[in-house]
Amino acid sequence: LDVVGPVTASIFVRTRTPYTDLFVRLTDVDEQGVSRNVVDGISRLDPECGVPIDDAGVARVELELFPTAYRFAAGHRLRVQVSGGAFPRHDRNHGTPGTFGAATTLRGNRLEVLHDAAHPSRLDLPVFLG
């Protein structure tokens, strides 16, 4: 499977705190279960970021992952990782308002990813056919 071009994700999430990160990574998993990173992206969420939240506290987050050109070998699997951050690759989100350089308090968070008919979370891959 050849994937060539921009990779995007649309993820429906509910979080305990409005200050959080949403990290999405696509990996290539070989026959022995070894996972290799292919592409990823992160979105920092806060009340001022413009992402609407519905009455149930669910936000639809659109992420652009880095464009890629990658061949998944026959027998390999695609894995999608969704998490609330990727420290130390990306700065830690303290879960509180204010600047990150001055934050002194950490607030834990819970990230719930929804995937059903009303909340179709997905990863869009540009498959090369030719």
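This report describes strand pairing, salt bridges, an aromatic pair and a surface patch in a predicted model.

## The open three-stranded sheet

Three strands make up an open sheet whose order is β3-β2-β5, with antiparallel pairing. The edges are taken by β3 (35–45) and β5 (77–83); each has a single partner strand, so one side of each is left without a neighbour in the sheet. On average, and with direction ignored, neighbouring strands of this sheet are turned by 15 degrees against each other.

Strand β2 comprises residues 20–29 and pairs with β5 in the antiparallel sense through seven bridges. Within β5, Ser-83 is the residue that stands opposite Phe-23. The pairing of β2 with β3 is likewise antiparallel and extends over ten bridges. Val-29 has Ser-35 of β3 as its bridge partner. The hairpin formed by β2 and β3 has five residues between the strands, and Gly-33 in this hairpin adopts a positive phi near 90 degrees. As a general point, strands of a sheet pair through backbone hydrogen bonds, in either a parallel or an antiparallel arrangement.

## The partners of strand β1

Strand β1 (residues 2–15) pairs with strand β4 (residues 58–71) in the antiparallel sense over twelve bridges. In this pairing, Ser-10 stands opposite Glu-62 of β4.

Strand β1 also pairs with β6, β7 and β8. Four bridges join β1 to strand β6 (residues 111–114), and the two run antiparallel; here Thr-15 stands opposite Leu-111 of β6. With strand β7 (residues 122–124), β1 forms an antiparallel pairing over three bridges, in which Arg-122 of β7 is the bridge partner of Ser-10. With β8, the antiparallel pairing of β1 covers two bridges, and Val-3 stands opposite Val-127 of β8.

Seven salt bridges are found in a search of the whole structure. One of them joins the side chains of Glu-112 and Arg-14, with an N to O distance of 2.9 Å. Glu-112 belongs to strand β6 and Arg-14 to strand β1, so this pair ties together parts that are 98 residues apart in sequence. Both residues are partly exposed: Glu-112 has a relative accessible area of 35%, and Arg-14 has one of 27%.

The side chains of Arg-44 and Asp-21 meet at 2.7 Å, N to O; Arg-44 lies in strand β3 and Asp-21 in strand β2, and the pair links parts of the chain 23 residues apart. Arg-44 is partly exposed at 32% relative accessibility, whereas Asp-21 is buried at 2%. The side chains of Arg-25 and Asp-40 form another salt bridge, at 3.3 Å, N to O. Arg-25 is in strand β2 and Asp-40 in strand β3, 15 residues apart. Arg-25 is buried, with a relative accessible area of 13%, and Asp-40 is buried as well, at 10% relative accessibility.

## The aromatic pair

The structure contains one aromatic pair. The partners are Tyr-70 and Phe-72, whose ring centres are 4.9 Å apart and whose planes stand at 65 degrees, so the pair is edge-to-face. The assignment follows because planes over 60 degrees apart count as edge-to-face.

The two residues fall into separate accessibility classes. Tyr-70 is partly exposed, with a relative accessible area of 23%, while Phe-72 counts as buried at 4% relative accessibility.

## A nonpolar surface patch

Which residues form a nonpolar patch on the surface? Leu-1, Leu-78, Val-127 and Leu-129 do so, and together they present about 400 Å² of accessible area. Val-127 is also the residue of β8 that stands opposite Val-3.

Leu-129 lies in the segment that comes after β8 (127–128). At 83% relative accessibility, Leu-129 counts as exposed, because exposed residues are those over 50%.

Methods. Residues are numbered from 1 along each chain as its sequence is written. This is a predicted model: local features need pLDDT of at least 70, side-chain atom pairs count only at pLDDT 80 or more; totals for chains, interfaces and linings use all residues. Side-chain values use heavy atoms; hydrogens and water are left out. Patches are made of residues with over 30% relative accessible area and no salt bridge: like charges are joined within 9 Å, nonpolar side chains (Val, Leu, Ile, Met, Phe, Trp, Tyr) within 5 Å. Accessible areas come from the Shrake-Rupley method with a 1.4 Å probe; for residues, only the protein chains shown count as cover. A salt bridge is a side-chain nitrogen of Lys or Arg within 4 Å of a carboxyl oxygen of Asp or Glu. Buried means under 20% relative accessible area, exposed over 50%, partly exposed in between (1.4 Å probe, protein chains only). Two strands pair if DSSP finds at least two bridges between them. Axes are lines fitted to C-alpha atoms, for helices over the stretch in contact, and angles run from 0 to 180 degrees between N-to-C directions. Rings of Phe, Tyr and Trp (its six-membered ring) pair if their centres lie within 6.5 Å; planes under 30 degrees apart count as stacked, over 60 as edge-to-face and the rest as tilted.
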